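Please look through the sequence and the 3D structure below before reading on.

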Amino acid sequence: MSGINIVSTGGYAPLLAVTNDDMSRIVDTNDEWIRTRTGISQRRMSNCEPTWYMGAMASKQAIERAGIDPKEIGLIISSTITNDFVTPSAACLIQRETGAVNAAAFDLGAACSGFVYAVDTACRFLATDDSLKYVLISANENLSYITNFTDRSSCVLFGDGAAAVILEKSDKLFTSWLGADGTGAKFLYAKNEYAHSPFTTEEHFTVDDQTDPEVKHRLLVQDGKEVYKFATKALPTAAKNAADKIGLDINDIDLFIPHQANIRIIETAAKNLGVSMDKFFTNIDMHGNTSSASIPIALNEAAEKGVLKRGMKVCLVGFGAGLTLGAAIIEY
Ligand code: UT7
């Protein structure tokens, strides 16, 4: 598969910062527990900013930094599990806000692996359509829409935010690998609530026997220990599988930008890969886990801080609900 160039990045962080002390006022927790078990000090939370709005703000910044005409964007992929609407997609609203009038637009749902899935998808579109000049990916998440703020083991983890990239086709090094394990769906889920048709005869048809009927619709349910176990294996597996596809030595990667879910998960994954933590960019302390937005938020920050430099080989690697996992190795 031919490669891609990241032309530019952009980001949007909601202004509302929620500290660990703030969390301790709503559930039985404390700053020390959250920091030592997760690495999180604070998270940003939307104060009524819709998901599409955060995505549009991040996208506008990426477009401006790229110095391109939004009319040259041929495709918008929005990664989200927290769209404001069942329909339309967040991608269509981002198209409306950015003036990317010539772009096809759709949402992609692969939970926290969503950005990596979107990069892989964008690369394939660019490889097969010569008329496509630029792809905009925006990963936008309002996890506060679906967080159970009475569950201390999960509510302290999540934050809101968005980040975007403009991609174009290039001959630069690129490889990616995507995976999923649906048998782990029960470890991290949020149920939707739909109206029953007048022809419904069954009370319930749950895809998962362990689905708790008492759990409020739309709120996240998580078996933290199971997700933790999966995550520490998923990150090295995805990175290695992507590298192996082109015979790349994992030690030749200059920077890893992993999904920011828990600093201990990242440390264990680094150890399992045999790579120093110095090569891992983390910003979980200030953002918490923003699902599919977490990798591009970190990518944008790494680029802004000059940690990520042109020519570097960077591995974007994620895992999440589904269960899903994936990695994309790109020359920046
Ligand atoms: O994008 C993917 C999303 N999810 C993840 O990546 C989550 C992966 N899992 C994790 O990050 C960790 O499993 C957690 C952070 C969720 C939990 O950390 P842990 O070290 O696995 O804690 P634990 O579940 O073993 O709980 C240890 C203790 C328990 O108390 P007891 O039973 O030992 O008395 C919990 O009730 O900590 C308690 N606890 C808390 N205490 C204070 C759980 N949550 C909290 C809390 N504050 N927020």
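Val86 is located in the loop between S4 and H4. Labels such as these follow DSSP runs, with helices (H or I) of at least four residues and strands (E) of at least two, numbered from the N terminus. The model is a predicted one, in which local features need pLDDT of at least 70 and side-chain atom pairs count only at pLDDT 80 or more, while totals for chains, interfaces and linings use all residues. Residues are numbered from 1 along each chain as its sequence is written, and side-chain values use heavy atoms, with hydrogens and water left out.

Is Val86 buried or exposed? Val86 is exposed, because its relative accessible area is 73%.

Thr87 and Pro88 are joined by a cis peptide bond with omega of about 10°. Most peptide bonds are trans. A separation of 36 Å is found between the C-alpha atoms of Thr87 and Leu173, which are 86 residues apart along the chain. Leu173 belongs to the loop between strand S7 (160–170) and S8. Leu173 counts as partly exposed because its relative accessible area is 21%.

Strand S8 (residues 174–180) contains Thr175. Thr175 has 3% relative accessibility, so it counts as buried. A polar atom of the Thr175 side chain lies 2.8 Å from the backbone oxygen of Ala242. A polar contact is a pair of N or O atoms within 3.5 Å; within protein, one must be able to donate a hydrogen and the other to accept it, and residues adjacent in sequence count only if both atoms are side-chain atoms.

Thr98 is part of helix H4 (residues 90–98). With a relative accessible area of 9%, Thr98 is therefore buried. Ser59 and Thr98 are 39 residues apart along the chain, and their C-alpha atoms are separated by 7.3 Å.

Next comes the ligand. Which of the 22 residues around the ligand come nearest? They are Thr29, Arg37, Gln222, Lys225 and Asn262. A residue counts as near a molecule if one of its heavy atoms lies within 4 Å of it. The shell is made up of nine nonpolar, eight polar and five charged residues. Here Ala, Val, Leu, Ile, Met, Phe, Trp, Tyr, Cys and Pro count as nonpolar, Asp, Glu, Lys and Arg as charged, and the others, Gly among them, as polar.

Four helices each supply at least two residues of this shell: H2 (31–38), H6 (152–155), H7 (224–245) and H8 (263–273). The largest share, four residues, comes from H7.

Some distances to the ligand can be given atom by atom. An oxygen atom of the ligand is 2.3 Å from a polar side-chain atom of Lys225. An N or O atom in the Gln222 side chain lies 2.7 Å from a nitrogen atom of the ligand. For Arg152, a backbone N or O atom is 2.9 Å from a ligand nitrogen atom. On its own the ligand has 950 Å² of accessible area, and the protein covers 75% of this. Such areas come from the Shrake-Rupley method with a 1.4 Å probe; for residues, only the protein chains shown count as cover.

Helix H2 also has details at its ends. Asn30 caps the N-terminal end of H2, with a side-chain oxygen 3.3 Å from the backbone nitrogen of Glu32. After H2 comes Gly39, with a positive phi near 85°.

Most residues other than glycine have a negative phi. Cys48, which is not a glycine, has a positive phi of about 85°. Cys48 is in the loop between strand S3 (42–44) and helix H3 (51–66), and it is exposed because its relative accessible area is 73%. Ser291 also has a positive phi, near 50°. Ser291 is in the loop between helix H9 (284–287) and helix H10 (294–304), and it is buried because its relative accessible area is 1%.

Notes:
Buried < 20%, exposed > 50% of the residue type's maximum accessible area, 1.4 Å probe, protein only.
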